Amino acid sequence: MKLELCHQEFSKEEISEVVASLTSGFVTMGDKVALFEKNFAEYIGVRHAVMVNSGSSANLLMVKALAKRLSPGDEVLLPALSWSTTFWPVVQSGLKPVLVDCDPETLNIGPEQLEEALQRHPSAKALIVAHIMGNPAPMKELQAVLYDHPMPILEDSCETLGSTYYGQKTGSFGVAGSFSFFYSHHMTTIEGGMIVTDDLNFAERCRVMRSHGWSRGLNDPVFRREVEALSDIDPRFLFIDEGYNLRPTELNAAIGIHQLASLDKRNTKRKIVNRKMMDIAREFSVDTIKVYEETDVALFAFPVMLENETERDALSLHLESNGIQTRPIVAGNLARHPGMAKHLASGLKLNGANKVSDCGLYWGLHPYVTDEQLMHLEKTLASHFKGVKAA
Ligand SMILES: Cc1ncc(COP(=O)(O)O)c(C=O)c1O
């Protein structure tokens, strides 16, 4: 018996839509991407959505667009506990990353950690929040802390899709939010990502950079005509900003349109599996994470915290040898990775992120987990914690 980190199933509609895109002869970014963007913006509750080829690309464009409103070298606060590509776009945009510790109980930046970081870095100019493992960060409390230090917030919501805080979806609190549709996430386009924002100018900047930096990336026809009228260069190849090629294909969007329509159904199943896994964890007094009362949470995976590194490693080994896949919680403390360390001050006190790095692991939680798999998980934990032989 196995419990994998993730499992996805592609419906008949998704497969037919992909085949229809292939046979139509139009496979690069077009109408299906535009429709998926429109539907996704509506789902999150924002005005604009820009699809790209990964969550990392969404973070890159989102930070690049923000950097145009900041000055080179400005400090940007971001979570010590997150993924590498929450961090790198800050460096790649000529800004200075400053890590903020996490609350090890929620895995997210909390108000205390933000206050502490602001005391150390009162001149920080922006904040990136990541909603870790499907658990929304306490955005209203964080916004309250920023009352005396107003600054734009970006949300890396690549691990969280559909969870709400005070009824509002993650990704819609700040200037912009990013999502990932990688295979293991709440919904997939195989590879894919999205930037959401209420700010038209921000969205347009992302669209231009997404496609080579050309004016054809502009969505607003009036603005596009105005920009193109300012130049005598052929508007078919007119470049107005820095450019990348981070475009998705129609095939990715074809899957996305249907995956989005069935997302809430799958998230309900995630919640049911979560409740059952919570009961099992409680049976063995294994600590899970804390969620805020005002949240409705569809977890990405099932994170647990052990007493220390030795206990964590022993449990990880036991689960893996019984077919239950595990992983560290995101990248752990980013400051401990050699790639990031050279961009950071040494001697940072990041006790929360260190605790998660040393004592945390997660196993898979997805909508297709069966009762048999849950029983296997329970028996495997029993054999570890109580010396009962695993089935
Ligand atoms: C917090 C966070 N940000 C960004 C990403 C990058 O997403 P992608 O794998 O689609 O590039 C991930 C990946 O899982 C993530 O966990």
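How many nonpolar, polar and charged residues does the shell around the ligand have? I looked this up at the start. I found five nonpolar, nine polar and two charged residues. I counted Ala, Val, Leu, Ile, Met, Phe, Trp, Tyr, Cys and Pro as nonpolar, Asp, Glu, Lys and Arg as charged, and the others, Gly among them, as polar.

**Ground rules.** I am working on a predicted model, where local features need pLDDT of at least 70, side-chain atom pairs count only at pLDDT 80 or more, and totals for chains, interfaces and linings use all residues. I number residues from 1 along each chain as its sequence is written.

**Ligand shell.** I listed 16 residues around the ligand, and Gly55, Ser56, Trp83, Cys158 and Ser180 come nearest. A residue is near a molecule or strand here if its C-beta atom, placed from the backbone, lies within 6 Å of it. I took helices (H or I, at least four residues) and strands (E, at least two) as DSSP runs, numbered from the N terminus. Helix α3 supplies the largest share of the shell, three residues.

**α3 against α7.** I followed α3 to its packing with helix α7 (residues 200-210). The two pack at an angle of about 120 degrees, with axes 9 Å apart. I used axes that are lines fitted to C-alpha atoms, for helices over the stretch in contact, with angles that run from 0 to 180 degrees between N-to-C directions. That angle makes α3 oblique to α7. For the wording, angles under 35 degrees count as roughly parallel, over 145 as roughly antiparallel, 65 to 115 as roughly perpendicular and the rest as oblique. I noted a right-handed crossing for α3 and α7. A crossing is left-handed if the near helix is turned anticlockwise from the far one by less than a right angle, and right-handed if clockwise. From α3, the contact uses Leu61, Met62, Lys64 and Ala65; from α7, it uses Phe202, Arg205, Cys206, Met209 and Arg210. Residues are in contact if their C-beta atoms, placed from the backbone, lie within 7 Å. By class I found six nonpolar, no polar and three charged residues in the contact of α3 with α7.

I moved on to Ser215, in the loop between α7 and α8 (221-229). Is Ser215 buried or exposed? It counts as buried, because it has 23 C-beta neighbours inside 10 Å. My cut-offs are 20 or more other C-beta atoms within 10 Å of the residue's own for buried, 12 or fewer for exposed, and in between for partly exposed, with C-beta atoms placed from the backbone. Not counting residues up to four places away in sequence, Ser215 touches Arg224, Val227, Glu228, Pro235, Leu238 and Ile240. I also checked Pro97: its C-alpha is separated from that of Ser215 by 31 Å, and the two are 118 residues apart along the chain.

**α1 against α9.** Next I took helix α1 (residues 12-24) and α9. They pack at an angle of about 155 degrees, with their axes 8 Å apart. That makes α1 roughly antiparallel to α9. The crossing of α1 past α9 is right-handed. I listed Glu13, Glu14, Glu17, Val18, Ser21 and Leu22 on the α1 side, and Glu250, Leu251, Ala254, Ile255, Ile257, His258 and Gln259 on the α9 side. The contact of α1 with α9 has six nonpolar, three polar and four charged residues.

**Ile257.** I picked out Ile257 in α9 (residues 250-261). It counts as partly exposed, because it has 19 C-beta neighbours inside 10 Å. Beyond four places in sequence, Ile257 touches Glu17, Lys32, Leu35, Phe36 and Asn39. Phe40 is 217 residues from Ile257 in sequence but 8.4 Å away in space, C-alpha to C-alpha.

**Val129.** I found Val129 in strand β4 (residues 126-130). Val129 is buried, with 28 other C-beta atoms within 10 Å. Leaving aside neighbours within four places in sequence, its contacts are Pro79, Ile109, Ala137, Leu142, Ile153 and Glu155.

**Positive phi.** Which loop holds Tyr166? Tyr166 lies between β6 (164-165) and β7 (168-169). Its phi is positive, about 50 degrees, although it is not a glycine. I also noted Val330, not a glycine, with a positive phi of about 45 degrees. Val330 sits in the loop between β12 (326-327) and α12 (338-341). With 28 C-beta neighbours inside 10 Å, Val330 counts as buried; with 13, Tyr166 counts as partly exposed.

Technical notes. Two residues are in contact if their C-beta atoms, placed from the backbone, lie within 7 Å.
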